[in-house]
Amino acid sequence: MPRTRSLAWSELKIGVMAVIALALTAVLVVAVGGASGFAWERYDLKTSFPNVQGLKSGAIVRVAGVEVGKVTKVELSGTGVDVHLSIKKENQSRVTTDSFASIGSMSLLGEPLIDVSPASTGTPLKDGDVIKSRRPAAQLADVAETANQGIEHATALLKDIRDGRGSVGKLFTDEELYRELNAFVASANAVASSINRGQGTLGKFTRDSRVYDELQGSLNNLQDMTRRINAGEGSLGAFLKDDRLAKSLTATSGNFEQVSARLTRNDNTAGKLLTEKELYDRLNSTIARLDDLTRNLNSGQGTAGQLLHNKEMYDNMNSAAKELKELIAAIKQDPKKYLNVRVSIF
């Protein structure tokens, strides 16, 4: 029968201490490298991105640039990517409904991480809530893509220029346009040379001091005239400055308004002429009769017409008037000869 060996207390004590040391080591590993503290000191949030740019589980989570947690899970969800965050509860008041999560990096070529913007407004997010995400700042890949697009556009532009497209392309390839542009430049040089030599109006203006003096004199006269007008001198100045003239114009305008009002009120001859159709028709009829009478006189119709156009009738009337005048003169000279009154009494 085999003999059993009892464990000494010293051996048991070493085993217990080893187990405790292993447990403490596991706890420290979880606390320091696992998920930023113990489970009861953290709370979880969730966000989504269309592209996480290589973000992995265990990446750093920062709030205002300070490390506050870790990324616990990165998984595909539809056309996007869901990212689960584990953050220390002591920062819960800084992460609210107005905060945003974006993808950043430690350096230009560093591994991606999550940046959370702190907010003093909004309601603090609780465990399991979703934090809004936004597009991160331009990364090196975005800059490279933009530069590539710019190079492609520049290449296409150079190709169009070589093919003679557009104004610049025609300038480089069209000989006629080049000759016209060269002729224009030559003409401009000729004009500039003429001006420098004092030829033409513009050349005299730039070279002849008398032209400048005359222009300066005209400006001085204009300035003096403006000063006199502002001072109320002369007819124009009085027109602008004299209050009596303004009052006179105002009174004239008032009188004109009164006349217009009376004409509109139809309480006078002119007003009735303007507003009453019957009076207008009568006046128009009278004018028509006068036109007929004038036309008859001009055509020699009637006694008055014959008198105006028949010379024989005019001479007869003139002779009769002359004889009547001689008779009246003879009666005045010897009234007894022509006026013999006899009174008979029966």
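Two strands count as paired here if DSSP finds at least two bridges between them. In this predicted model, seven strands form an open sheet with mixed pairing, in the order β1-β4-β3-β2-β6-β5-β7. Because β1 and β7 (132-133) stand at the edges, each with a single partner strand, one side of each is left without a neighbour in the sheet. The partner strands β1 and β4 run antiparallel and are joined by eight bridges, and Phe-49 stands opposite Val-81 in β4.

In soluble globular proteins, nonpolar side chains tend to be buried together. The largest nonpolar core of this model has 21 residues, and those with the most contacts inside it are Val-61, Val-71, Val-83, Leu-85, Val-95, Ile-114 and Val-116.

Residues up to four places away in sequence aside, Val-61 touches several residues, among them Val-71, Leu-85, Ile-114 and Val-116.

The largest pocket holds about 160 Å³ of space, and its lining consists of Gly-54, Lys-56, Ser-57, Ala-59, Ile-60, Met-106, Glu-111, Pro-112 and Leu-113. Sorted by class, this lining has five nonpolar, two polar and two charged residues.

Key
Residues are numbered from 1 along each chain as its sequence is written. This is a predicted model: local features need pLDDT of at least 70, side-chain atom pairs count only at pLDDT 80 or more; totals for chains, interfaces and linings use all residues. Side-chain values use heavy atoms; hydrogens and water are left out. On a 1 Å grid over the protein atoms alone, a cavity is a set of points where a 1.4 Å probe fits but cannot get out, and a pocket is an open set with protein on both sides within 12 Å along at least five of seven lines; lining residues have an atom within 4 Å of a point. Grid points are joined across faces, edges and corners, and a volume is the space filled by probe spheres set on the points. Ala, Val, Leu, Ile, Met, Phe, Trp, Tyr, Cys and Pro count as nonpolar, Asp, Glu, Lys and Arg as charged, and the others, Gly among them, as polar. A nonpolar core is a set of buried Ala, Val, Leu, Ile, Met, Phe, Trp, Tyr and Cys residues joined through side-chain atoms within 4.5 Å. Buried means under 20% relative accessible area, exposed over 50%, partly exposed in between (1.4 Å probe, protein chains only). Contact means heavy atoms within 4.5 Å. Helices (H or I, at least four residues) and strands (E, at least two) are DSSP runs, numbered from the N terminus.
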